[in-house]
Amino acid sequence: HVPRRLAATIRQNKFRVTVNTRFAEVMRACAADRPEGTWVTDEMVRAYTLLHKLGHAHSLEVWQGEELAGGIYGVSAGGLFAGESMFH
C-alpha cells in the first residue's frame, strides 16, 4: 500500500533512485551526525565494501537533484535482504 501523500510526492519527480552506485558513500552518510555515536566505523566500511564488491552487500540511493538525500545499505543472502542502516 502506498499512502496518498507518498504517491503525490513520487508523481512530483523530486527524487531519483539508484541502486549500488554509491555504496561506501551511503555507509558513511549512515554514520554521520549521530549524537549517540555509530557502529559504522572505517573498518566496517572497508569490510562491507568488500562484501559489496563480492556481490553480497547492496545500497539504494535517493537523490534530490545532485544531492544524496537518503539511502540504505545491507547484506543479501538468498532471497533475503537485511537492511543494516539508513539515513535521510
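# Exercises on a predicted model

His 88 is exposed, with a relative accessible area of 87%; exposed means over 50%, buried under 20%, and partly exposed in between (1.4 Å probe, protein chains only). The model is predicted: local features need pLDDT of at least 70, side-chain atom pairs count only at pLDDT 80 or more, and totals for chains, interfaces and linings use all residues. Residues are numbered from 1 along each chain as its sequence is written, and side-chain values use heavy atoms, with hydrogens and water left out.

## Exercise 1. The chain as a whole

Task: state how many helices and strands the chain has and in what order the elements run.

Solution. Step one is the count: the chain has three helices and four strands. Helices (H or I, at least four residues) and strands (E, at least two) are DSSP runs, numbered from the N terminus. Step two is the order, which from the N terminus on is α-β-α-α-β-β-β. Step three is the extent: the C-alpha trace spans about 40 × 35 × 25 Å along its principal axes. Step four is burial, and 26% of the 88 residues count as buried. Step five concerns contacts, meaning heavy atoms within 4.5 Å. Among contacts with a separation of 6 or more, 52% join residues 24 or more positions apart.

## Exercise 2. The surroundings of His 88

Task: locate His 88 in the chain and list which residues it touches beyond four places in sequence.

Solution. His 88 sits in the segment after β4. Not counting residues up to four places away, His 88 touches Ala 69 and Gly 70.

## Exercise 3. Ser 85

Task: decide whether Ser 85 is buried or exposed, and find its contacts.

Solution. Ser 85 belongs to strand β4 (residues 80–87). Ser 85 counts as buried because its relative accessibility is 11%. With neighbours within four places in sequence set aside, Ser 85 is in contact with Cys 30, Arg 34, Gly 71, Ile 72 and Tyr 73.

## Exercise 4. The largest nonpolar core

Solution. A nonpolar core is a set of buried Ala, Val, Leu, Ile, Met, Phe, Trp, Tyr and Cys residues joined through side-chain atoms within 4.5 Å. The largest one has 13 residues, of which Phe 23, Val 26, Met 27, Val 40 and Tyr 73 touch the most other members. Helix α2 gives the largest share, five residues. Taking Met 27 as an example, its contacts beyond four places in sequence are Val 40, Met 44, Val 45, Tyr 48 and Tyr 73.

## Exercise 5. The salt bridge

Task: find how many salt bridges the whole structure holds, and which residues form them.

Solution. The criterion is a side-chain nitrogen of Lys or Arg within 4 Å of a carboxyl oxygen of Asp or Glu. The search finds one salt bridge. Arg 22 and Glu 25 form it, with the closest N and O atoms 3.4 Å apart. Arg 22 is partly exposed at 38% relative accessibility, and Glu 25 is also partly exposed, at 38%.

## Exercise 6. The largest pocket

Task: give the volume and lining of the largest pocket.

Solution. On a 1 Å grid over the protein atoms alone, a pocket is an open set of points where a 1.4 Å probe fits, with protein on both sides within 12 Å along at least five of seven lines; lining residues have an atom within 4 Å of a point. Grid points are joined across faces, edges and corners, and the volume is the space filled by probe spheres set on the points. The pocket holds about 150 Å³. Leu 6, Thr 9, Ile 10, Asn 13, Lys 14 and Phe 15 line it. By class, three are nonpolar, two polar and one charged. In this scheme Ala, Val, Leu, Ile, Met, Phe, Trp, Tyr, Cys and Pro are nonpolar, Asp, Glu, Lys and Arg charged, and the others, Gly among them, polar.

Phe 15, in the loop between α1 and β1, is partly exposed at 40%. Leaving aside neighbours within four places, Phe 15 contacts Thr 9, Val 62, Trp 63 and Gln 64.

## Exercise 7. Positive phi

Task: state where Asn 13 and Asn 20 lie.

Solution. Asn 13 is in the loop between α1 (4–11) and β1 (16–19), with a positive phi of about 55°. Asn 20 is in the loop between β1 and α2, with a positive phi of about 60°. Most residues other than glycine have a negative phi. Asn 13 is exposed at 65%, while Asn 20 is partly exposed at 30%.
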